[in-house]
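Student: Please take one part of this assembly, the contact between two neighbouring chains, and go through it closely. I would like the terms spelled out with their cut-offs.

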6 protein chains.
Amino acid sequence: MRVSSGVPGFDEIVQGGLLKDRLYVVSGPPGSGKTTFSSQFITQGAKAGENCLYVTMHETKEELMQDMSGYDFGFDQVMASGKIQFLNLMTDSGKRTITQFGTEGGLTNRIVAFLEQQDIDRAVIDSTMLLQHFFNDVSDEITGFLSALKQTGTTVVLISEMTDPSSYADEHYLAHGVIFFHNYLESGGMTRGVQVIKMRGTAIDCDIRAIDFSDRGLRVMPDTKVEA
Amino acid sequence: MRVSSGVPGFDEIVQGGLLKDRLYVVSGPPGSGKTTFSSQFITQGAKAGENCLYVTMHETKEELMQDMSGYDFGFDQVMASGKIQFLNLMTDSGKRTITQFGTEGGLTNRIVAFLEQQDIDRAVIDSTMLLQHFFNDVSDEITGFLSALKQTGTTVVLISEMTDPSSYADEHYLAHGVIFFHNYLESGGMTRGVQVIKMRGTAIDCDIRAIDFSDRGLRVMPDTKVEA
Amino acid sequence: MRVSSGVPGFDEIVQGGLLKDRLYVVSGPPGSGKTTFSSQFITQGAKAGENCLYVTMHETKEELMQDMSGYDFGFDQVMASGKIQFLNLMTDSGKRTITQFGTEGGLTNRIVAFLEQQDIDRAVIDSTMLLQHFFNDVSDEITGFLSALKQTGTTVVLISEMTDPSSYADEHYLAHGVIFFHNYLESGGMTRGVQVIKMRGTAIDCDIRAIDFSDRGLRVMPDTKVEA
Amino acid sequence: MRVSSGVPGFDEIVQGGLLKDRLYVVSGPPGSGKTTFSSQFITQGAKAGENCLYVTMHETKEELMQDMSGYDFGFDQVMASGKIQFLNLMTDSGKRTITQFGTEGGLTNRIVAFLEQQDIDRAVIDSTMLLQHFFNDVSDEITGFLSALKQTGTTVVLISEMTDPSSYADEHYLAHGVIFFHNYLESGGMTRGVQVIKMRGTAIDCDIRAIDFSDRGLRVMPDTKVEA
Amino acid sequence: MRVSSGVPGFDEIVQGGLLKDRLYVVSGPPGSGKTTFSSQFITQGAKAGENCLYVTMHETKEELMQDMSGYDFGFDQVMASGKIQFLNLMTDSGKRTITQFGTEGGLTNRIVAFLEQQDIDRAVIDSTMLLQHFFNDVSDEITGFLSALKQTGTTVVLISEMTDPSSYADEHYLAHGVIFFHNYLESGGMTRGVQVIKMRGTAIDCDIRAIDFSDRGLRVMPDTKVEA
Amino acid sequence: MRVSSGVPGFDEIVQGGLLKDRLYVVSGPPGSGKTTFSSQFITQGAKAGENCLYVTMHETKEELMQDMSGYDFGFDQVMASGKIQFLNLMTDSGKRTITQFGTEGGLTNRIVAFLEQQDIDRAVIDSTMLLQHFFNDVSDEITGFLSALKQTGTTVVLISEMTDPSSYADEHYLAHGVIFFHNYLESGGMTRGVQVIKMRGTAIDCDIRAIDFSDRGLRVMPDTKVEA
């Protein structure tokens, strides 16, 4: 079963939408559109009546709402609707906390239990860079974390910083889908676009499509290919 | 003796098929076709009446079946036929386990014993990235693991993540065959294809052949060469 | 609410100015204009009656004033006006000190408390390279430091050395805005310019604009784009 | 005194053959021809009545014979003739053993003593990648190992994996000769060839010669140069 | 106040000379002209009646005088004049010593005290590569050392080895000025020249000027630009 | 005072010869000519009646003589003449020894004392790669070793392996002269040549000259420049 990403034009390049209950990794350099994509994704879920969770490790709800206030895709309304839980794992004084997810076990156990007990349909986790601060041995625990997430009944978007499009990390190999935003300085200017690198169970090509940021937020031009 | 890979067009570029009881490494970036190749390989074995084993470290049987459900090469049927054992070395909560292979010795000993006692003809191991979590000292134990696998009576496909086609790992040197899937973003678009880097006892060239993903799964065009 | 950067031409490329109370990272190689940008930014604040703070870790007030004495954007006057507090975290003998920020807790706690108790509106922190000397475990504490800064009521410019425009650090992912100065030796000469990589809540393009250093200080030519 | 390499065409590019009792390093990526070269080298020795030793750390005698069974340069016959001792330093269960070489001292002492007591004329050691598992401190012991090998009365071919032709390892500096097989994916296809980088006491050029794999095994075309 | 560098043509590209009491870093590959520049710089100081100090960590006074004996810019005379103190921090047997600078505290404290007590106007420190041998924790102490040097009443030239012009070190960010000598092997031959990367309080461009080594020593051609 | 290098054509590019009692580093990839250059250098010294020392860490006198036996520059005769002491710091069984240099202190102290007590005029040390095995803390002791060597009354050629001509090591910065042999595989074939990167007290250019290996040994073509 496929659900809409909430990003105009995106669903068209992935056979009509994202397969439910899967783990998607969204990567790209600073300013490439990862957070906007994720905000539209979670908004779409709330509009469709899904239980949503937005986990961030560096931002307040107010900040994110202000950041998205320039767009009118409805983020304000759904944030006010109670369909989205917003959890910031960083306290005001810069300390980390995961007590929001319960008090037993490590982050993997807690977040999986939370997703199941709260019956979360759609979640954003921002981001792998910060995630590492919650593990004792990242390379050891990250694969378990990703494998466990894949087995929950939640459609997850995991933001993963990644600066070099030719260098992949564990999450790119383990995720069901990998979506890459381009915003590289190359000879002749910036290349901006979105590329679906991988999408299990879905017929895709790997071409880069143009994107823009309009009043309605991020938009994909499925018929406009750009060169890398 | 050669056996079919189960991938249309592939056997033609390796003198009619893969030599039995050998270790093959399949490498490539995310989304390049490694899992589809492996699924067709194991399906072919089951169809031919071979005892098959699919070892994964990050995926459930249900997920893999769903991923392959868009293709009609017969994965569903053989998975239901009892000819394929599916072992997931990761528990629901993200813990690792190898008790499926027995309780004596390390992974190398257990998996070799399992292959022999169960008389496994064909196996997929997905993947070297995750394999490392089962060793205390990877660089020390991986060569022993690979050498032992080479000496079993099983035709093994080992998936090995590899992002840079000019940088080889131990498994590429030690395997009997190395099959590389291309899916790189290069100037002018994505290069997709398959390349047999090495195949002991087999006359090969090292050209890259075009591939596509049709309803029947992955297919190799033995007469269509693509530039790197 | 937007405030002026104090750099002629710069505000025009960020929808009229910088959003207040946000964290901006300014990066670029030696001699690219980071310090001049920051000095004009802080001068602008003081002229507008804001409480300002300039934190440096390697320079005296006298040095900075001498460095800026070739420009007439008014740095002397505002430094004399009492609207700018200048703190050097390095003593004459090369020892580090943070007692200026209070005596309780680590640098993150102290600087956040200081900003709030002093009601600082605008601050420059020069720089991340030196910042690391104040943390026990940089990779662990830097994200907390940045997250805490983002939640204060201060508009912060954080100077971050960065030599390779295709390699990003934590601060580039976590900041609300990233401003990059170019001064690279490339075939055919030096490329000089400014590029806004990211600016949350602001419609930007990522083109590089020409800059020059006139008697009035750093100036951006919003209509003159330069190639990377 | 020069001896034939056993590879048609190769002797012609090294003044008629390899100087006896010297250490030669054979390098190249997977599938480039290192093992086939070594097998022809050892076969040539046995045919000439020399005492030969083939040391491998990852392969059985049966595997190697099967790998070479597609060629008719006589490997089967000499392996059956008793002129070649085949030692596999890896047990069936993936453990390492060097007891074949005696029980006193480390690998260096044992192998040198073995070569001398058995009066070995020609030896293959496959390979440096695996060799490292036999040393406590590789960078410390490898130079001693190589220096000691150079002083024995045996003509040694040491296989050294090497993926980047512009990056050399200790063994390339210390060996009397360095032979490099090319099999790189470069724009426009694969480059296959052999190059003698260094050959003490021998007038060589460093051009790359074309090679092919015929029924008779590896063959060098001394008059066909290929571009790197 | 500006002082002459002592290098013909150089002053013209930095508004007539170097600002007094500042820290300048001179970088470049072996043989690019760093030592000759420094020798002319210190000679100029002595000729102008300044108290000068030349600190080296690998050379005797005799060696340096011999090295400069091919030039007639007056090094011999000023070395004999008593205006230049020459300190070698390496003993004949290759041991390090800093007792010349006093016996209290570390290198930073001692050298700062020495500069002040001896009222040194101009100093050369050769070099950062060797400097590291005098610190327990280089990355920790080097910034303190540089910051302290910046606050003395001495015009300092610090030689910093640097092989890659696109990779900067701490000293390049912290210095008041960075002067880079080019001597790279590039396609088509060697590129030789001098480039002022950064010069606080001074209007510069960053173009590379041609240099040559005449009987009078190093000379800059301010009107001859060379491509990188 | 200048002495001949013993290599035809080389002296012409360094103002007639090498300055006496200095430290020269000879670098280049395997097979580029470092050992041949050094052998001609030491032969020239012996012919001129100088006391010579050849220190190697991986080779016997017999091997070196055999390696040079294809040339007729007189190596045999001078090795037999007693003017050259040959010391191999590696025993037959691959152990290291420095007792040849005395029994007091570390390698630096011993070798310096040996050079002085034996009144050695000219020495070859082969090589820095192996030298590191004689130090407890290489980066700490190598600069002391080099500085001490520079202060002896011996003209020293130190062989330093170096694969990348744009990456320099400590010895290249500290030596009085740096001579680089080219033998790189570049597009279009091998580039062979010699380049004087640095030569204190000597007017040089940095162009690469063609070399060849004739019956008389290595020869430099001072008038034939080759492109990098």
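Tutor: A salt bridge here is a side-chain nitrogen of Lys or Arg within 4 Å of a carboxyl oxygen of Asp or Glu. By that rule E:D67 and F:R200 form a salt bridge, with 2.6 Å between the closest N and O atoms. The count between chain F and chain E is 3 salt bridges.

This is a predicted model, in which local features need pLDDT of at least 70, side-chain atom pairs count only at pLDDT 80 or more, and totals for chains, interfaces and linings use all residues. Residues are numbered from 1 along each chain as its sequence is written, chains are lettered from A and ligands numbered from 1 in the order in which they are written, and side-chain values use heavy atoms, with hydrogens and water left out.

On the side of chain F that touches chain E, at least two residues each come from α4 (107-117), α6 (138-150), α7 (170-174) and β9 (189-199) of chain F. Helices (H or I, at least four residues) and strands (E, at least two) are DSSP runs, numbered from the N terminus. α6(F) gives the most to this side, with 7 residues. By class, the side of chain F that touches chain E has 9 nonpolar, 13 polar and 7 charged residues; Ala, Val, Leu, Ile, Met, Phe, Trp, Tyr, Cys and Pro count as nonpolar, Asp, Glu, Lys and Arg as charged, and the others, Gly among them, as polar.

With contact taken as heavy atoms within 4.5 Å, 29 residues of chain F and 33 residues of chain E take part. The buried area, meaning the accessible area (1.4 Å probe) that two parts lose on being put together, summed over both, is about 2600 Å² between chain F and chain E, and carbon and sulfur atoms give 53% of that.
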